[in-house]
Amino acid sequence: MLKTYTIGSYDGIPVKLHWSLSLLFLFLFYFGREIIHLDNTGLSWFLVLVLTLFLSVIFHEYGHALVAKKFGIKTKDIILSPVGGIARLEHIPKRPRHEIIVALAGPLVNLCIAFLLLIILVCINYPFSIPSDSYPNDFFEFLRVVFWLNLILFAFNLIPAFPMDGGRVLRALLRTRMGTEQATKYASFIGSVIAIAILAFAISLHYNFI
Ligand SMILES: [Zn+2]
């Protein structure tokens, strides 16, 4: 049973939080305070950062939903859970080209957010290199981390592993040559192979095999 709470709505599309998110926030509060020993200011920035990350995910999902609407597809809702967000479209776009555009719309929102933040950082002459300290303690450091988080959201979602956005693009490309069911099967298989390859790569890095 999907237990969710509606926190707001835009253009007739409600945003719902999965109940387990409250456990995640409690855990992060405990993690910030007891494990990495942040002071009150550090803890506030840390929690604001987590909220901003989820806000970036909400914008990403609205990117999918609002572009889908342009193609006449309604979105039931946007659900956020500890593993990310999902815009639940009533059906996938009939034309593969439309599926590609809807899939790319989400990551493009994150790219736009990152670009806007980059402009701000460049204008104020603030370094935008990868932050060494991942827990910001001032506003501009916070902007720098949010810039990188949105860039990561953009790149991560484009990994061609179905059901991620990159995988949806791949399925749409396959759909131009075969039926939707078969294309989904192939895209899921390629997605599993990529997931295993990434896992193997991460393990090799961890144990210095390469
Ligand atoms: Zn997406």
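Modeller: The axes of helix H2 (residues 40-70) and helix H4 (residues 139-157) come within 10 Å of each other and cross at roughly 35 degrees. Axes here are lines fitted to C-alpha atoms, for helices over the stretch in contact, and angles run from 0 to 180 degrees between N-to-C directions. The crossing of H2 and H4 is right-handed, a term for the near helix being turned clockwise from the far one by less than a right angle, with anticlockwise called left-handed. Helices (H or I, at least four residues) and strands (E, at least two) are DSSP runs, numbered from the N terminus.

This is a predicted model, in which local features need pLDDT of at least 70 and side-chain atom pairs count only at pLDDT 80 or more, while totals for chains, interfaces and linings use all residues. Residues are numbered from 1 along each chain as its sequence is written.

Now for the residues that meet. On the H2 side they are Trp-45, Leu-49, Thr-52, Leu-53, Ser-56 and His-60; H4 brings Phe-142, Val-145, Val-146, Leu-149, Asn-150 and Leu-153. Two residues are in contact if their C-beta atoms, placed from the backbone, lie within 7 Å. By class, the contact of H2 with H4 has eight nonpolar, four polar and no charged residues. Here Ala, Val, Leu, Ile, Met, Phe, Trp, Tyr, Cys and Pro count as nonpolar, Asp, Glu, Lys and Arg as charged, and the others, Gly among them, as polar.

You can follow the chain out from H4 in both directions. The loop between H4 and helix H5 (165-175) holds Pro-163, and a cis peptide bond, with omega about 10 degrees, joins Phe-162 to Pro-163. Asn-125 counts as exposed, with 6 C-beta neighbours inside 10 Å; the cut-off for exposed is 12 or fewer, for buried 20 or more, and partly exposed lies in between, with C-beta atoms placed from the backbone.

To place all this in the whole, the chain has six helices and four strands, running β-β-α-α-β-β-α-α-α-α from the N terminus. Buried residues make up 29% of its 210 residues. Among contacts with a separation of 6 or more, 55% join residues 24 or more positions apart.
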